[in-house]
Amino acid sequence: MVVGIKDGIKLIGISIVCFCAVFVCTFMLNYYLDVLPLEETLTDSAMTALYNAQLATAKFTSVITGGVLAAIALIMLFFYIKLYIDSHSQQLGIVKAFGYSRGKIAGSFWVFGLSVFIGCALGFCIGWAFMRSIYDDLTIEGMGEIAINFHWELLALLVFIPTTVFTALACLYAYCALRRPVLQLLKGKSERISARKEKERKERPFIWQMCIKTLSSKKSLVFFVAFSCFCFSAMVQMGLSMENLTSATMGYMILLIGLILAIVTMFMAITTLINGNKKNISVMKAFGYSIKECSLSILGGYAPFALLGFGLGSVYQYGLLKIMINVVFANVEIVPEYKFDVPVFFLTLALFAICYLALMLVYSFKINKISVKEVMIEN
Amino acid sequence: MIKAENVVKTYNSQEVLKGISLEIYDGEFVVILGASGSGKSTLLSILSGLEKADGGHIECNGVCLDALKDDQLTAFRKEQIGFIFQQYYLLSHLNVEDNVKLGANLANNKDYRQIIEAVGLKDKLKSKPSALSGGEQQRVCIARALAKNPKILFLDEPTGALDEVTGREVLDYISKLQKERGFTVVMVTHNVNIADMAEKVVKMNSGKIVEIYQNSARKSAYEIGW
């Protein structure tokens, strides 16, 4: 009753992250389960080594992709719930004031699990649609065509269990977040600033002050901006530099997943940021601040974290591929040596700079469209 | 009956309520009158169990509020209290009927449509709050509060956001329904004229009660000044 079904299914960011995770895990784990019984048929030691490496790759990729993306989806889910509670605090407050228990209100947050279900179910179906071509790509020469079998346990593991777990966690998180007193929900949080901070604040230029204020009021977005750039950097570099390690299809798939994750996360973060600062932007514009100054005050503070995310992504992809080669392909002689791909790094950096600046430009236009009148009418 | 004895409340080391003592009897229409910052809304929050006092004793229909934990206060409000605020706090994604059901469900009240009819919104059952005027939205709030059959109705500046015509209309609904159903009304306002509608008036200033008086005759919403 308190949270509408629409609120639950519009979390497209979570759906996309879940989609990517389940899409990769579906064909990797299905391949793993279908190939596992074929070990006894192998006689050649070189082929056995390659076979073991393929199995390890499938397991490793599923665990890393599934684990990391599930963690990201969970953080996103908690972020959305917190955002929902903050933006609907008055409505939730009145429901609590009327006498609805915290448990009952938190129970209505089950709808947030719907976005997880949509993403997982779609990922599973699309994963199946690509299964044959992925199998052909992964199968070692000489092993013949591997039959595709449907594994019910994977459907449960990749669709129903994540949906149930995420739904339960959504309710639990909401239960904890709704611990706030009724009056605080009705009237919103009041901020107390220490005398020292107040003095420091007065000494800073206004735009700089706004930058810090925006950053501190939306701390969780720092994570999403950095994560988006991390995805861009890691997945694009990985996709472009592993042509000697895997097939071109896998490389393109990694590249595509990286771009989707980066774009969706960045879009979600900046849209949230701008929507949450509409009033500030409109007042600044009304007072005569330029679009450049408005953009800088809202978006500028996140730029260092975007660069940090990019740097971490570069280190991560190098480390991950190095570990894969040293550990997974340890017994396979034909795997070439892997080195940090400097040209690909600079190419990705250039692409990153272009995309980031283009995105900031697009959002500057969006900021330009915000009018004082529109914000006044909304209130 | 509500009984407050020597109630004290402090925010950020500023004493907002300075030893309030007050008695409100069942079925009474009480107006708490005061200027902004006089502590009247804080008193309403404490009397209704929305927040706890820092000192003193509050008893409401035999329940000692100062001893209750947060969950127990929620259960107490569910059983006994209805609220109407200046800001309507309607659930924007629910229509009029569902907003009223929000209150009715708590009391297992299946006859909530009668209340919607009583506040004149029979034709707006399926309308969303955004499609209603301020007065209509406040009438939904009245229906929502009354649908849970409260023993005490707390109102915080219910006409603060309304024009004179709509304000009188809303007060008239509240007054009529109170007479019909016999619940206690505790209304906070800064409007001196509205005090003429009450049986008992509690005047507050700087966190203290400065005067309590009974009106010899209650005026209707259309007889008071504005």
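Q: What makes strand β8 (residues 184–189) of chain B largely enclosed by the rest of the structure?
A: A residue is buried if 20 or more other C-beta atoms, placed from the backbone, lie within 10 Å of its own, exposed if 12 or fewer, and partly exposed in between. In β8(B), 6 of the 6 residues are buried, so the strand is largely enclosed by the rest of the structure. This is a predicted model, in which local features need pLDDT of at least 70 and side-chain atom pairs count only at pLDDT 80 or more, while totals for chains, interfaces and linings use all residues. Residues are numbered from 1 along each chain as its sequence is written, and chains are lettered from A in the order in which they are written.

Q: How do you know that both faces of β8(B) are covered?
A: On one side T184(B), V186(B) and V188(B) are buried, and on the other V185(B), M187(B) and T189(B) are buried as well.

Q: Why are β3 (residues 29–34) of chain B and β8(B) said to pair?
A: Strands are DSSP runs of E with at least two residues, and helices are runs of H or I with at least four, numbered from the N terminus; two strands pair if DSSP finds at least two bridges between them. β3(B) and β8(B) have 5 bridges in the parallel sense, with L33(B) opposite T189(B). Strand β7 (residues 152–156) of chain B also pairs with β8(B) in the parallel sense over 5 bridges, and here L155(B) stands opposite M187(B).

Q: Why does E5(B) count as partly exposed?
A: E5(B), which lies in strand β1 (residues 2–11) of chain B, has 14 C-beta neighbours inside 10 Å, and therefore counts as partly exposed.

Q: What makes up the contact of chain A with chain B?
A: Residues are in contact if their C-beta atoms, placed from the backbone, lie within 7 Å; the contact takes 15 residues from chain A and 17 residues from chain B. On the side of chain A, the largest share, 7 residues, comes from α4(A).

How values were computed. Contact = placed C-beta atoms within 7 Å.
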